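Open the model in your viewer and keep the sequence panel in view. The tour moves from one selection to the next.

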Amino acid sequence: MYQWQLASINPADISPIMEIEQDSFAFPWNPRSFLGELTCKHAYSYIVKSIGDMQAEKIIAYIFFRLIEEELHILKIAVTPHWRGRGVATWLLQKCFSVALELGATSAFLEVRPSNESAIALYRKEGFRIIGRRPNYYADTREDALVLMKNFKEDV
Ligand SMILES: CC(C)(COP(=O)(O)OP(=O)(O)OC[C@H]1O[C@@H](n2cnc3c(N)ncnc32)[C@H](O)[C@@H]1OP(=O)(O)O)[C@@H](O)C(=O)NCCC(=O)NCCS
């Protein structure tokens with residue numbers, strides 16, 4: 001029996017986060033980028049820990065986001081490959097929405113690569129819709145970004 005637990009992030013967590021990051025993205029952030037978010041004003045970040053019988057607790061996912069005025073901007077979400085397809089990202093996104101709503105957010109935004117079909121499916125399921133495209137957004141591949149938005153007011 002496993003349980004998921006939401007926790008805030010300490011600098012010591014960046015090393016296990018980097019392992020997931022490298023498994024998840026062709027062009028990963030570096031530790032400095034993550035550390036910068038921990039001290040940035042308006043920035044929030046959480047990890048998910050899995051706690052199982054007879055098992056040491058383990059970081060299995062993370063999310064980094066910012067709250068700018070009433071807008072939630074999701075910068076990064078990832079789940080360790082072993083734990084994908086079990087609802088962890090859905091659970092973590094919903095925790096993020098709860099935090100943002102408590103702090104007064106009325107809408108959420110993010111950018112995603114058009115090739116990232118699993119992430120787009122996740123976001124659509126959670127109420128995001130495509131509102132635009134930023135040409136050549138990703139410097140590494142010159143891929144466009146899709147801009148997705150979720151209006152929290154439509155949820156009530
Ligand atoms: C995208 C990601 C965060 C999804 O995490 P996850 O914990 O596996 O997602 P969930 O189990 O909560 O799945 C939620 C929904 O996402 C979609 N989804 C997840 N994995 C999918 C896959 N391999 N193919 C298609 N859709 C998928 C489905 O709609 C799914 O709903 P369903 O289970 O009812 O079909 C994970 O695959 C990941 O970490 N990818 C690498 C990092 C990344 O791309 N992050 C997003 C950057 S914008």
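Begin at the ligand. Three elements, E4, helix H3 (88-102) and helix H4 (117-125), each supply at least two residues of the shell around the ligand. This is a predicted model, so keep that in mind at every stop.

**Stop 1: the ligand shell**

Select the ligand and the residues around it. Which helix gives the most to this shell? H4 does, with 6 residues. Now label the residues that come nearest to the ligand: Arg84, Ala89, Thr90, Ser118 and Leu122, out of 19 around it. Colour the shell by class.

**Stop 2**

Hide the side chains and show the strands. There are 7 strands in an open sheet. Follow them across in the order E1-E2-E3-E4-E5-E7-E6, and note that the pairing is mixed. Where are the edges? Strand E1 (2-8) and strand E6 (129-134) are the edge strands, and each pairs on one side only. Look along the sheet next. Neighbouring strands are turned by 25° against each other on average, with direction ignored.

**Stop 3: E4 and its two neighbours**

Select strand E4 (residues 71-79) and strand E5 (residues 107-112). These two strands run parallel, joined by 3 bridges. Bring back a few side chains here. Leu72 stands opposite Ala108 in E5. His73 has Phe109 of E5 as its bridge partner.

Now turn to E3 on the other pairing. E3 and E4 pair in the antiparallel sense, over 8 bridges. Find Ile68, which stands opposite Glu71 in E4. The hairpin of E3 and E4 has 2 residues between the strands. Click on Glu69 in this hairpin: its phi is positive, near 55°.

**Stop 4**

**Stop 5: H1 against H2**

The axes of H1 and H2 come within 10 Å and cross at roughly 125°. Are the two helices parallel or oblique? H1 and H2 are therefore oblique to each other. The crossing of H1 past H2 is right-handed.

Show the side chains where the helices meet. From H1, Ile14, Ile17 and Met18 make the contact. From H2, the partners are Pro31, Phe34 and Leu35. Which classes are present in this contact? It has 6 nonpolar residues, no polar ones and no charged ones.

Technical notes. Residues are numbered from 1 along each chain as its sequence is written. This is a predicted model: local features need pLDDT of at least 70, side-chain atom pairs count only at pLDDT 80 or more; totals for chains, interfaces and linings use all residues. Two strands pair if DSSP finds at least two bridges between them. Helices (H or I, at least four residues) and strands (E, at least two) are DSSP runs, numbered from the N terminus. Axes are lines fitted to C-alpha atoms, for helices over the stretch in contact, and angles run from 0 to 180 degrees between N-to-C directions. A residue is near a molecule or strand if its C-beta atom, placed from the backbone, lies within 6 Å of it. Angles under 35 degrees count as roughly parallel, over 145 as roughly antiparallel, 65 to 115 as roughly perpendicular and the rest as oblique. A crossing is left-handed if the near helix is turned anticlockwise from the far one by less than a right angle, and right-handed if clockwise. Two residues are in contact if their C-beta atoms, placed from the backbone, lie within 7 Å. Ala, Val, Leu, Ile, Met, Phe, Trp, Tyr, Cys and Pro count as nonpolar, Asp, Glu, Lys and Arg as charged, and the others, Gly among them, as polar.
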